[in-house]
Amino acid sequence: MGKKGGSTVLKRKPAPRLWPIHRKEFVWVVKPTPGPHSLESCLPLTIILRDILDAAKTRKEAKIIASQGKVYVDGEVRREDKFPTGLMDVISLPEVDKHFRVLPSHKGLTLHPITKEEASFKLCRIESKTTVKKGHIQLNLHDGSNMLIKVADPKNPQEDVYSAFDTVKLSLPNRQILEHIKMKKNSFAVITGGKNIGKYGKIIEIEEAKGKKRKDAIVTIEDEKGNRYQTILKFVFAIGETHPLIALPEAPQNV
């Protein structure tokens with residue numbers, strides 16, 4: 001019989017560049033299971049426990065830690081060491097009272113320490129929205145999840161205040177909307193891709209270009225030091241309207 005399904009193994013050399021692993025030390029590396037984030041934009045729990053947090057020396061130890069229910073992702077126990085975590089996910093180790101948020105950095109993705117209070121919510125970007133039956137609007141979020149917004153009057157949907165590329169603040173683990181952040185001028189945002197990945201600041205301008213998709217519009221962001229960066233809207237993640245709602249790492253010094 002012919003082969004069915006994709007490969008279940010992954011070599012270190014072609015592994016995503018954002019993974020902090022030694023490429024030539026060993027041949028193989030853990031391949032994440034299908035989940036909320038793609039292979040190119042995720043960090044498996046094994047990589048986090050063994051290579052980033054040094055909570056385990058080997059994958060076997062990382063599997064034991066995860067299987068014992070000691071790792072929480074977005075407020076839920078994750079016992080599979082290959083589970084993929086990604087942008088804005090909250091990772092908690094309650095036994096040692098440590099909490100982290102996955103944020104973009106100049107190296108790809110990083111784990112930024114946060115407080116227990118901040119670990120009670122998550123930011124999700126709206127990738128698109130769809131009108132579904134029975135008077136509901138479905139918000140499709142960047143982490144692969146969906147949310148249904150009930151509409152009292154489908155012909156005059158007062159509850160439909162959400163747009164693509166806006167951000168919603170969700171409580172964890174019950175995932176209720178706490179706040180809505182518009183993607184607009186003067187909002188605070190972080191860059192999640194391109195050569196300026198990891199930079200953050202206030203949105204100065206969003207291009208109103210006709211004849212191109214909105215995700216390709218040029219966005220200008222200015223940091224607190226007055227440095228300006230440009231990227232496309234696809235790589236911009238709003239994190240607050242009057243101030244950032246999440247703790248952010250210090251900006252690296254320009255050299």
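Trainee: Which residues does T231 touch, not counting residues up to four places away in sequence?

Mentor: T231 touches I191, G193, A217, I218, V219 and V236 on that count, where contact means heavy atoms within 4.5 Å. This is a predicted model, in which local features need pLDDT of at least 70 and side-chain atom pairs count only at pLDDT 80 or more, while totals for chains, interfaces and linings use all residues. Residues are numbered from 1 along each chain as its sequence is written, and side-chain values use heavy atoms, with hydrogens and water left out.

Trainee: Why is T231 called buried?

Mentor: Buried means under 20% relative accessible area, exposed over 50%, and partly exposed in between, with a 1.4 Å probe and protein chains only. T231 has a relative accessible area of 10%, so T231 is buried. Its place is in strand β18, residues 228-232; strands (E, at least two residues) and helices (H or I, at least four) are DSSP runs, numbered from the N terminus.

Trainee: What makes S171 count as buried, and which residues does S171 touch beyond four places in sequence?

Mentor: The relative accessibility of S171 is 10%, and therefore S171 counts as buried. S171 is found in strand β13 and touches S120, F121, Q176 and L178.

Trainee: Is M88 buried or exposed, and what is its phi?

Mentor: M88 counts as buried because its relative accessibility is 0%. Its phi is positive, about 75°, although M88 is not a glycine. M88 lies in the loop between β6 (84-85) and β7 (90-93).

Trainee: Why is helix α1 described as mostly covered?

Mentor: Six of the eight residues of α1 (residues 45-52) are buried. They are L45, T46, I47, I48, L49 and R50. Just after α1, D54 takes a positive phi of about 55°.

Trainee: What makes the largest pocket a pocket, and which residues lie nearest its centre?

Mentor: On a 1 Å grid over the protein atoms alone, a pocket is an open set of points with protein on both sides within 12 Å along at least five of seven lines, and lining residues have an atom within 4 Å of a point. The largest pocket is lined by 21 residues, with S41, L87, R125, H142 and T192 nearest its centre. About 470 Å³ of space lies in this pocket. Strands β9 (108-114) and β10 (121-132) each supply at least two residues of the lining.

Trainee: How do you know that the protein is as compact as a globular protein of its length?

Mentor: There are two helices and 19 strands in the protein. Its radius of gyration is 19 Å, close to the 18 Å that the globule rule gives for 255 residues, so the protein is as compact as a globular protein of that length. The radius is taken over C-alpha atoms, and the rule is 2.2 Å times the number of residues to the power 0.38. Of the 255 residues, 44% count as buried.

Notes: 1 Å grid on protein atoms, 1.4 Å probe; cavity = no way out; pocket = protein on both sides within 12 Å on 5 of 7 lines; lining within 4 Å. Points joined across faces, edges and corners; volume = space filled by probe spheres on them.
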